[in-house]
Amino acid sequence: MSYNKKLTFSAGLKDGIPIALGYLSVAFAFGMSAVSKGFPLWSPIIISLSNFTGTGQFVGVDLMAAGAGLLEIAFTLLIINLRYLLMSLSLSQRLEPNMSLLKRLAIAFGNTDEIFAVSMQQHDLLNHKYMFGLILSSYLGWVSGTVVGACASNLLPAMICSALGIAVYSMFIAIIVPPARKYWSVLQIVAIAIVLSCVFYWIPPFNKLSSGWAIIICGVISSAYGAYRFPLKSDNLEEGVQNEN
Amino acid sequence: MKTEMLIIAILVMATVTYLPRVLPLALFKRKIQNPFVRSFLLYMPYGILAAMIFPAVFFSTNGIISAICGAVISLILAWNRRGLLTVAIGGTLAVLVAEWVLMLVK
């Protein structure tokens, strides 16, 4: 869909709309649950403004409500967030090489799962304008969802809130299915990751592992297999096809 | 929890979220040349996303039946190469319709 288009600020804003849509409901749920746990109204809003992450925020608030210490909070969230190391490393290879440090620092703040996923879909090198647009509309969705959720817990009917819960996953599906359909290599990687992920979800003792570690392990094993079986010489997937049997 | 403690805890959360995001972007400016590592990084998004979708998508709504409907509609739309927004709206609507039908049946 988005191949070879111009990576402008407004293109980024537009690509951020589906992310913002998904974020609205998740952030809404976050704001609501934090206030219902007895946190002051301002705190989930400050958390969303300063953290800008999904799972980490939910877990952090749960831990605080349970009276966990700072060290426990820091360690648990670090494990959950370790996947960002991989994502940022991957993203670092796709940004324009001459981009200033300050812009990189700003983009790093906005490197959420969803923003990472959408930006990695682009075929050209990523410039700061596109990234800022993408981050801005997503961030607005995240923060405004939190504000509304924290302020009025019964503004959105429960059924719509529940339905919006799938939006982020639908978007991920839209990102991985077309290349998985086209490239045998990606299809194998996706299949391996799904099987591993299900093992980590259901089968003991693997299901004892936190979801943060599980995602890292699934991602590392499946893409290491892909890199071993279908090494690429350039920065696109086309070449992998030649190596397939 | 006292307000000061809450603010400190929020700062800790923000720090351990930002650090893993910023370190690779600040440190790795050059292109990695090793073909295995480069291929690994190019394939990584697909592996991570696939693991994040399944099986979590089935528990993302009020009930597993509506979630399966949403996931199937999303898969069909994505297979036909619809854009992100279309797939996101399609999946959401499918869940909405499924939950509405389930409510009528009950």
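Modeller: Two residues are in contact if their C-beta atoms, placed from the backbone, lie within 7 Å. This is a predicted model, in which local features need pLDDT of at least 70 and side-chain atom pairs count only at pLDDT 80 or more, while totals for chains, interfaces and linings use all residues. Residues are numbered from 1 along each chain as its sequence is written, and chains are lettered from A, with ligands numbered from 1, in the order in which they are written.

Biologist: Into which domains is chain A divided?

Modeller: Domain bounds come from an automatic or database domain assignment; here chain A has domain 1 (9-165) and domain 2 (183-245), with their C-alpha centres 24 Å apart.

Biologist: How many residues of domain 1 of chain A are in contact with domain 2 of chain A, and which helices supply that side of domain 1?

Modeller: Six residues of domain 1 of chain A are in contact with seven of domain 2 of chain A. With helices taken as DSSP runs (H or I, at least four residues; strands are E, at least two) numbered from the N terminus, α4 (70-81) and α5 (83-92) of chain A each supply at least two residues of the domain 1 side.

Biologist: What does the secondary structure of chain A come to, and how should I read its radius of gyration?

Modeller: Chain A has twelve helices and zero strands. The radius of gyration is taken over C-alpha atoms, and the globule rule is 2.2 Å times the number of residues to the power 0.38; chain A has 19 Å, close to the 18 Å that the rule gives for 245 residues, so chain A is as compact as a globular protein of that length.
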